[in-house]
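Good morning, everyone. Please look at the screen while I talk you through one protein chain.

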Amino acid sequence: MVTSLLTAIGIHRHCVSTGVAVHGWRMLRQQSQCHTQATSECVSFHGQWPADEREQFCHDMRVIQRFLDATEEGALLGETEPYLKRLRYEFDHWDDAIHGYRETERKHWQPTNRTIIDRIVAIAFNGVAMPYVHVLDLADTGVIKPHVDSVRYCGNIIAGVSLLSDSVMRLVRTNDEEQTNDEYRQIFAKQRHMKYWADVLLPRRSLYIMRDTARYKFTHEILASNESQFRGRPVSRSRRISIICRNEPT
């Protein structure tokens, strides 16, 4: 409790110094209170979930809708797009997890955007995260295949804001013996009756927080444009930029 209070005070002082104290403080307080409601609206469960695992998943996978407003989204795009546009989209990845992407990392941000990053860190990481922020630009035809992020590069929490487009993230319960490449897709397709999974709607300008069991016990993927649907309704997915924070591996 003391640590959380000190973190909030630190964010408030930073907001004061950058001229956005009232806006930043109110949003931090409001968004901290809406995790449960936002998650229930954005998660669709499939298959036979054990009750305890479903409850744990709801704790470990959170979505906060309307985390950003249009002005904040524009500010983040204004800072990241000039560099991203100089890069080509890539169609191979070291672990074959992403196709049709370009990416960068950023440590230093303009003051307005630094306040947004600090807000993410305060809510998702209790004020302590890795200094470099991952910026991932996924083309409208790009895909993120089912995978579990390597434990070598980040800790038990990943948090990201979605810019430009809605999307659907699918998390499928897995174990260490199963593959997370194309072979895994075939295993999932053949044995769907033996699996349970969740589709998570990531609305434009939302924040997702994935931790612990959601991070390690489920593969996650961003559904391709032609597969993108939520609760039986199509979700139009175009080019998507995500701003992703992580904590240090333990």
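Are R170 and D199 buried or exposed? Both R170 and D199 are buried. Buried means under 20% relative accessible area, exposed means over 50%, and partly exposed is in between, with a 1.4 Å probe and protein chains only.

Some ground rules. This is a predicted model, where local features need pLDDT of at least 70 and side-chain atom pairs count only at pLDDT 80 or more, while totals for chains, interfaces and linings use all residues. Residues are numbered from 1 along each chain as its sequence is written, and side-chain values use heavy atoms, with hydrogens and water left out.

Now the overall picture. The protein chain has eight helices and twelve strands. Helices (H or I, at least four residues) and strands (E, at least two) are DSSP runs, numbered from the N terminus. Of the chain's 250 residues, 50% count as buried. Contact here means heavy atoms within 4.5 Å. Take the contacts between residues at least 6 apart in sequence: 85% of them join residues at least 24 apart.

Here is one pair of positions to look at. I98 sits in strand 3. I98 is buried, at 8% relative accessible area. I98 and K145 are 47 residues apart in sequence, but their C-alpha atoms are 6.1 Å apart in space.

Next, the cores. A nonpolar core is a set of buried Ala, Val, Leu, Ile, Met, Phe, Trp, Tyr and Cys residues joined through side-chain atoms within 4.5 Å. The largest one has 31 residues. Which members touch the most others? They are F57, M61, M169, L171, V200, Y208 and M210. Several strands supply at least two residues each to this core, including strand 2 (61–64), strand 6 (167–173) and strand 8 (207–211). Strand 7 gives the largest share, five residues.

Zoom in on L171. Set aside its neighbours within four places in sequence, and L171 still contacts F57, M61, W197, A198, V200, M210, A214, F218, T219 and H220. There is also a second, separate core of 25 residues, and L77, I120, V135 and A159 are among them.

On to the rings. Rings of Phe, Tyr and Trp (its six-membered ring) pair if their centres lie within 6.5 Å; planes under 30 degrees apart count as stacked, over 60 as edge-to-face and the rest as tilted. That rule gives six aromatic pairs. W49 and Y196 make a tilted one, with 5.0 Å between centres and 55° between planes. W49 is in the loop between strand 1 (43–47) and helix 4 (51–60), and Y196 is in strand 7, so this pair ties together parts 147 residues apart in sequence. W49 and Y196 are both buried.

W49 has another partner. The ring centres of W49 and F218 are 5.6 Å apart and the planes meet at 15°, so this pair is stacked. F218 lies in strand 9, and the two residues are 169 residues apart. F45, W49, F57, Y196 and F218 form one aromatic cluster.

Last topic: charges. Side chains of opposite charge can pair when their charged atoms come close. A salt bridge is a side-chain nitrogen of Lys or Arg within 4 Å of a carboxyl oxygen of Asp or Glu. How many salt bridges does the structure hold? It holds ten.

Back to our opening pair. R170 and D199 form a salt bridge, with their closest N and O atoms 2.7 Å apart. R170 is in strand 6 and D199 in strand 7, so the bridge ties together parts 29 residues apart in sequence.

R205 and E73 also meet in a salt bridge, at 3.0 Å from N to O. R205 is in the loop between strand 7 and strand 8 and E73 is in helix 5 (residues 70–84), so parts 132 residues apart in sequence are tied together. R205 counts as partly exposed, at 25% relative accessibility. E73, at 3%, counts as buried.

E81 and R239 form one too, with the closest N and O atoms 2.6 Å apart. Both are buried. A network of salt bridges links E81, R102, D137 and R239.

The R62 side chain does reach the backbone oxygen of H59, at 3.1 Å.

Notes: A polar contact is a pair of N or O atoms within 3.5 Å; within protein, one must be able to donate a hydrogen and the other to accept it, and residues adjacent in sequence count only if both atoms are side-chain atoms.
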